Amino acid sequence: MPESAIALYHQHYVEKDFERIDMFRLLVDRFGTRTALYPGSFVHVSPSLVIPSVTYVDSDRRCPSFFADPAIQAMVEERREYPEQPDIRFIAGDYATTIPDDVGPFDLLISQWAGPVSQVCKRWLRAGGILLANDSHVDASLAQVDPDYRLVAVLERRSGGRHLLSEDDLDAFFLPKSGVPPEPSELQRRTRPPRYTRVAAQYLFRRRAGPPG
Ligand SMILES: C[S@@+](CC[C@H](N)C(=O)[O-])C[C@H]1O[C@@H](n2cnc3c(N)ncnc32)[C@H](O)[C@@H]1O
């Protein structure tokens, strides 16, 4: 018997205290985020608790039935922190090939453990919009060397696991311990980021104005 959608969400996110709602709340408070695109989301529907319109994209076979389940819509409606009805959309498939040209552009692009989202999905982020990326799959490093993005803040994790947004000392990040700045082509080949003198849990980049290069 297939696992229920609610059970799947609880197993992966609630029971592990890994919903990261405070992280998305910080973005809404600081940048006024109203819409987001989340490629490689799996069933991490938490952004919809604080962001009214979120489009999720994933190729995992469990995702279509998860996002179609009325219990997920009901859970989000009950827990949401904004007045309007949640707008939850799901696109099944590879984020490199299945996102239609005419969706978005979005206020926020979310990249969490799902490959080079910052590069492949940049065109759906509006100019001036925010990329939220961690560096586990080298995606924050790729954004850092990409002239279309500018680092504007980091999120650090405090004791208790909550995030703190900081806009100070941003020049202290992405300095390789080797002293040699990585080439973009080298970063694209890597599966782990270079060792840096200082790291954050998450990085926030603003997409510069003009069409992406
Ligand atoms: C490690 S999970 C992370 C899930 C979620 N981002 C989180 O932080 O909890 C990676 C997810 O990305 C999806 N994924 C990776 N590459 C993808 C691609 N090219 N297209 C669609 N989904 C992808 C996988 O199917 C998987 O569900």
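Cys63 is buried, with a relative accessible area of 0%; buried here means under 20% relative accessible area, exposed over 50%, and partly exposed in between, using a 1.4 Å probe and protein chains only. The model is a predicted one, in which local features need pLDDT of at least 70, side-chain atom pairs count only at pLDDT 80 or more, and totals for chains, interfaces and linings use all residues. Residues are numbered from 1 along each chain as its sequence is written, and side-chain values use heavy atoms, with hydrogens and water left out.

Cys121 is also buried, at a relative accessible area of 0%.

Helix H2 covers residues 21–31, and its buried residues are Ile21, Asp22, Met23, Phe24, Leu27 and Phe31. Helices (H or I, at least four residues) and strands (E, at least two) are DSSP runs, numbered from the N terminus. An α-helix has 3.6 residues a turn, so residues three or four places apart point the same way. The buried residues of H2 pack against helix H4 (70–79) and several strands, namely E4 (106–111), E5 (125–133), E6 (149–157), E7 and E8 (202–207). Just after H2 comes Gly32, with a positive phi of about 65°.

The loop between strand E1 (35–39) and strand E2 (53–58) holds Ser48. Ser48 counts as buried at 1% relative accessibility. Leaving aside neighbours within four places in sequence, Ser48 is in contact (heavy atoms within 4.5 Å) with Val54, Tyr56, Val76, Arg80, Tyr82 and Ile88. Pro52 is also placed in the loop between E1 and E2, and at 7% relative accessibility Pro52 counts as buried. With neighbours within four places again left aside, the contacts of Pro52 are Thr33, Arg34, Tyr82, Glu84, Gln85, Pro86 and Asp87. Pro52 and Thr33 are 19 residues apart along the chain, and their C-alpha atoms are separated by 8.8 Å.

Phe42 lies in the loop between E1 and E2 as well. Most residues other than glycine have a negative phi, and most peptide bonds are trans. Phe42, a residue other than glycine, has a positive phi near 50°, and at 14% relative accessibility counts as buried. A cis peptide bond, with omega about 5°, joins Gly104 and Pro105. Pro105 sits in the loop between strand E3 (87–92) and E4.

The ligand is surrounded by 15 residues, the closest being Tyr13, Gly40, Asp58, Tyr95 and Gln112; a residue is near a molecule or strand if one of its heavy atoms lies within 4 Å of it. By class, this shell has six nonpolar, five polar and four charged residues. Ala, Val, Leu, Ile, Met, Phe, Trp, Tyr, Cys and Pro count as nonpolar, Asp, Glu, Lys and Arg as charged, and the others, Gly among them, as polar. A polar side-chain atom of Asp58 lies 2.6 Å from an oxygen atom of the ligand. A backbone N or O atom of Gly40 is 2.8 Å from a ligand nitrogen atom, and for Ser59 a backbone N or O atom is 3.4 Å from a ligand nitrogen atom. Taken alone, the ligand exposes 600 Å², of which the protein buries 74%; accessible areas come from the Shrake-Rupley method with a 1.4 Å probe, and for residues only the protein chains shown count as cover.

Ser141 is found in helix H6 (residues 139–144) and is buried, with a relative accessible area of 1%. The side chain of Ser141 makes a polar contact with the side chain of Tyr196 at 2.6 Å. A polar contact is a pair of N or O atoms within 3.5 Å; within protein, one must be able to donate a hydrogen and the other to accept it, and residues adjacent in sequence count only if both atoms are side-chain atoms. Not counting residues up to four places away in sequence, Ser141 touches Asp135, Phe174, Leu187, Pro193, Pro194 and Tyr196. Of these, Phe174 lies in the loop between E7 and H7, has a positive phi near 65° and counts as buried at 9% relative accessibility.
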